[in-house]
Amino acid sequence: MKRHRAYVAYAVLPGELALVVCLVAGVRVPVPVLVAAEAAVGLVVGAHLIGFLRRWRRGGSARDAVRATVPEPVLRLAGHELRLLASLGRWVARRPHGVGGEGARAFPYARDQAAMMYGLVFVCVVETVGMAYLLAGLPVVHTVFLVLDVYTVVFVLGLHAASVTRPHVLDGGALRVRQAGHVDVRIPLERIASVRRESLFSHEKADGELNLPVGSRTSLTLELTGPVDVPRLFGAPRPVRLVRLHADDSAALHRALDRAREDSLDQALAQALDPAPEEAVTRARTAPSPVPGPPPSA
């Protein structure tokens, strides 16, 4: 049922978008077409709302009801936008995400892209002002483009804010690799076979590889002993065995990873050599058996 609702939504929403573009452009749309389009949108929204209420009344949580009703790509896109907006608040408050754990160390990576992102924001602001001046005589078009241009500026700032407030994090048992608001994966230390420092500026797409360049550059390469799933933006699975990433201080991250992997190996070796308390067997000494005497005489 969820799949059928998603197919209907994917068919209706593009038509509604095309209708809005026609109205903004001044194209006269027949009234029956408008009524039919709005009725279709209302039916889609109503069907999803009914599905949500049914799931909720069965005793599930609101979050589970939303996940069961709304298509996963829509949820992931909405979650990405919300993470960007939340990152703006964290950036202003200087509260990075995911670094409050005991023993966790953060390794930023956004320094090398700051100049490019600020330049892009400046270009977007100039474009917003220019379009507002050129479209001043068309109130409806002016409003639509102004909203889109302002959101573009906020979106670009959110991307940089997410990169600043969501650094790579190394805790006791895993390396949390992140990039802005769309990549967040935990790699257990025992899955890391080797770590090497290498500066690469070209990254060809290949199966089983994850490239997270900053300013078109990666500075660390992780080879894994087994695949780690890194879902794509819309949720499709993507197993990777090689991860290339960047850090502002790649040497410090390299040293920290080597030290953490050595400590993890030492702990695993100690656990393998020392038996667990429930497995330890204490052998009690028993008295020696008596020596048999001479056989009785006939």
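Trainee: How many bridges join E3 and E4?
Mentor: 6, in the antiparallel sense, with E3 covering residues 174-179. Alanine 174 in the pairing stands opposite proline 188 in E4.

Trainee: Before I go on, what kind of model is this?
Mentor: A predicted one: local features need pLDDT of at least 70, side-chain atom pairs count only at pLDDT 80 or more, and totals for chains, interfaces and linings use all residues. Residues are numbered from 1 along each chain as its sequence is written, and side-chain values use heavy atoms, leaving out hydrogens and water.

Trainee: New topic. Which residues touch the most others in the largest nonpolar core?
Mentor: Leu170, Leu222, Val243, Leu253 and Leu257, out of 26 residues. A core is a set of buried Ala, Val, Leu, Ile, Met, Phe, Trp, Tyr and Cys residues joined through side-chain atoms within 4.5 Å. Buried means under 20% relative accessible area, exposed over 50%, partly exposed in between (1.4 Å probe, protein chains only).

Trainee: Which element gives the most to this core?
Mentor: H7, with 5 residues.

Trainee: And what is leucine 222 in contact with?
Mentor: Beyond its neighbours within four places in sequence, its contacts include Leu175, Ile187, Val243 and Leu257. Contact means heavy atoms within 4.5 Å.

Trainee: What about helix H6, how far does it reach?
Mentor: H6 (residues 139-165) reaches 38 Å from first C-alpha to last, close to the expected 39 Å. The expected span is 1.5 Å times one less than the number of residues.

Trainee: Which residues form the aromatic pair?
Mentor: Tyrosine 151 and phenylalanine 155, 6.3 Å centre to centre and 40° between the planes, so tilted. Ring centres must lie within 6.5 Å; under 30 degrees is stacked, over 60 edge-to-face, the rest tilted. The two are 4 residues apart in H6, about one helical turn.

Technical notes
Pairing = 2+ DSSP bridges. Phe/Tyr/Trp six-rings, centres within 6.5 Å; stacked < 30°, edge-to-face > 60°.
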